[in-house]
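Student: I'd like a close look at just one of the chains here. Please walk me through how it is put together and what it touches.

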Amino acid sequence: MGFKHSLGSRLFDVFNYGLMLLLIIITVYPLLHVISISLSHADFIALGQVSFFPKGFNIKGYQIIFEKRLLYTSYANTIMYATVGTLLTLLLTSLMAYPLTVSKFRIKKPITIFLAVTMFFSGGMIPTYLLMKELHLLNTFWVMVLPGCISAYNVIIFRTFFQNIPSELRESAYMDGANDLTVLFRIYLPLSKALLATFALFTIVGHWNEWFSALIYLRDENRYPLQMFLRSIIFTQQGYGSSEQATEMIQNRQINPKNIQMAAVVITMAPILCIYPFVQKYFVKGVMVGSIKG
Amino acid sequence: MRNQTAAMTGELVDPHGSKNQSPFLQSFWRQKYLYLMVLPGFLIVLIFAYFPMYGVLIAFKDYNVAKGIWGSEWVGFKYFHEFINNPIAVRTVKNTLILGVYSLFFGFPAPIVLALLLNEIRVLAFKKFVQTVSYFPHFISTVIIVGMLKEFTSLDGMFNTIACWFGKEPVNFITESQYFRTLFVGSGIWQGIGWGTILYLAALSNADPTLYDVASMDGANRWQKMKHISLPAIMPTTIILFILSIGGILGTDFMKVMLMYNPGTYETADVIGTYVYRVGLEGGRFEYSAAVGLMLSVVSFLFVLATNRLSRKFSETSLW
């Protein structure tokens with residue numbers, strides 16, 4: 001930058017940097033606030049005096065949360081849903097996308113149309129619910145994993161990605177007697193590690209944050225994912241005050257219900273917050289891959 | 001064996017190929033792995049996406065579990081009439097539209113402005129830092145977002161502390177219907193503004209840097225460069241994303257609404273999605289709520305069709 005910056009330009013810079021700092025504060029403040037509320041003394045919370053940092057150290061909120069059995073079952077459930085769901089998504093999406101790159105595949109076009117239709121039409125909430133009921137999938141593990149594991153959008157992105165792999169590789173593998181399954185697993189998938197990693201991350205986060213399908217399809221709270229546990233803590237009276245000990249502590253003003261609620265938020269958000277800085281660039285890559293028109 | 005002979009005669013080896021028109025079965029057998037690979041995905045889409053499309057027929061039926069969907073009595077457009085004549089239902093249409101328009105009007109320009117401002121930052125490390133921080137809220141679950149919103153808007157929360165400075169009486173914002181739209185759209189922008197910049201920043205980084213240099217030599221100031229170089233650079237992206245968001249204007253995030261609203265705020269908060277959930281799943285009126293859902297899908301689809309036509313008219317780009 002060999003040019004002299006005018007006064008106006010410098011003023012703009014000051015304004016712009018100030019604005020960006022403000023954005024950072026607005027973004028980070030709620031997260032800090034949640035953490036400090038979870039750790040603050042009940043009286044300071046009630047007076048609304050807690051802002052950036054905890055006031056009067058207090059970890060009783062965490063103690064109460066950690067005594068809840070449902071925290072552990074829901075954590076384990078979410079991990080299971082995320083693991084199985086992500087593996088299925090990657091496997092079935094790759095399997096479905098690969099044949100669509102073979103130009104001579106007989107039903108390539110019908111399959112593409114078959115998938116594309118689902119991008120514009122859906123039966124909606126009620127018919128889908130009735131179907132799950134009909135199939136006896138309500139309140140099962142699979143209802144959280146199977147229905148969402150294939151999406152037309154993902155298949156199209158995978159197909160586009162696979163199409164960029166030179167077809168000579170495939171042809172020479174055929175020469176060596178490989179079949180299409182071997183070609184996919186030995187050649188295509190190893191060359192698509194970046195794609196797989198990115199989509200794995202998105203799918204995991206999706207499962208981590210999922211609550212609505214659990215609300216509709218699950219009855220048994222032992223099958224609930226983490227977000228449903230959090231929901232019951234934040235939005236229902238019986239959520240945070242269910243144990244006698246908690247009720248008593250709230251009455252004695254030893255603890256504010258917000259201690260418990262915000263502790264639950266922190267526990268739910270912590271894993272994502274911890275891995276986020278390291279995997280952030282993959283997420284950005286994913287958006288770029290997704291924006292390529294299929 | 002076939003491959004070997006093909007290789008020897010110098011033909012392109014391709015197990016799927018059929019030089020001379022072979023019967024369907026023969027080609028099917030040659031491509032058996034491809035069929036096998038498509039099968040699981042095909043079944044899942046068929047069951048979980050197509051069966052419900054058939055199931056939507058109950059919107060025109062007096063659904064009887066014993067008789068099944070097809071066997072149940074046809075009732076024509078009964079439920080659609082009922083919907084149109086129900087003032088509470090019509091309110092949900094109004095709320096859905098208003099919420100969609102507000103989200104578009106305020107939520108769409110926000111990332112563009114941020115991307116343009118970010119583009120003006122010359123200290124790359126700082127720019128990177130702002131980006132990393134501002135993307136994060138995108139990954140926070142709706143339950144947490146609404147939980148935080150509830151905390152901030154509570155009587156002893158931060159919003160009321162600020163309102164106090166201006167001598168206002170404390171209000172429990174989330175239970176007052178007049179604040180619902182602001183809170184919904186505002187928290188949406190908080191969550192999405194950073195993430196929304198990614199595509200614009202990519203478009204900006206594709207702008208030719210020599211353009212900026214030449215413009216500087218000709219004495220253009222920052223504002224002029226932004227207006228004549230940066231803005232045109234993001235124009236195509238803007239148009240496509242704008243079309244996509246008009247197409248999605250009815251697709252309110254009703255799950256977020258469900259966490260935010262309560263009977264006191266139905267006046268402004270009740271949207272089609274939440275109404276379908278309440279009446280259908282909680283109230284058990286499957287046929288009626290399926291009809292409402294179907295109407296929403298049809299109108300949404302018409303929106304997508306219309307916007308796609310618009311895009312074809314105004315730009316080279318269309319969705320199909």
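Tutor: Let's start with the elements: helices are DSSP runs of H or I with at least four residues, strands are DSSP runs of E with at least two, and both are numbered from the N terminus. On that count, chain B comes to 18 helices and two strands. Keep in mind that this is a predicted model, in which local features need pLDDT of at least 70 and side-chain atom pairs count only at pLDDT 80 or more, while totals for chains, interfaces and linings use all residues. As for labels, residues are numbered from 1 along each chain as its sequence is written, and chains are lettered from A and ligands numbered from 1 in the order in which they are written.

Overall shape next. The C-alpha atoms of chain B fill a box of roughly 90 × 75 × 35 Å along the principal axes. Its radius of gyration (over C-alpha atoms, with the globule rule being 2.2 Å times the number of residues to the power 0.38) is 27 Å, whereas a compact globule of 320 residues would sit near 20 Å.

For what touches what, two residues are in contact if their C-beta atoms, placed from the backbone, lie within 7 Å. Among the contacts in chain B with a separation of 6 or more, 65% join residues 24 or more positions apart. For classes, Ala, Val, Leu, Ile, Met, Phe, Trp, Tyr, Cys and Pro count as nonpolar, Asp, Glu, Lys and Arg as charged, and the others, Gly among them, as polar.

Now the domains, whose bounds come from an automatic or database domain assignment. Chain B is given domain 1 (19-61) and domain 2 (78-314), and the C-alpha centres of domain 1 of chain B and domain 2 of chain B lie 37 Å apart. Four residues from domain 1 of chain B meet six residues from domain 2 of chain B. On the domain 1 side of that contact there are three nonpolar, no polar and one charged residues.

The partner is chain A: 68 residues from chain B are in contact with 76 residues from chain A. Elements of chain B giving two or more residues to this side include α1 (2-8), α3 (32-55), α9 (142-153) and α18 (286-314). The most comes from α3(B), with 14 residues. By class, this side of chain B has 43 nonpolar, 19 polar and six charged residues.

On to the interior. Call a residue buried if 20 or more other C-beta atoms lie within 10 Å of its own, exposed if 12 or fewer, and partly exposed in between, with C-beta atoms placed from the backbone. Look at α9(B): 12 of its 12 residues are buried, so α9(B) is largely enclosed by the rest of the structure. That list includes B:Lys150 and B:Glu151 as well as B:Ile144 and B:Phe152. α9(B) reaches 16 Å from its first C-alpha to its last, close to the 16 Å expected at 1.5 Å a residue (1.5 Å times one less than the number of residues).

A nonpolar core is a set of buried Ala, Val, Leu, Ile, Met, Phe, Trp, Tyr and Cys residues joined through C-beta atoms within 7 Å. The largest has 118 residues, of which B:Ala291 and B:Val292 touch the most other members. α18(B) supplies the largest share of this core, eight residues. Another core, of 11 residues, lies apart from it and has A:Met20, B:Leu114, B:Leu118 and B:Leu199 among its members. Back at B:Val292, its contacts beyond neighbours within four places in sequence are B:Phe83, B:Ala89, B:Ile272, B:Tyr275 and B:Val276.
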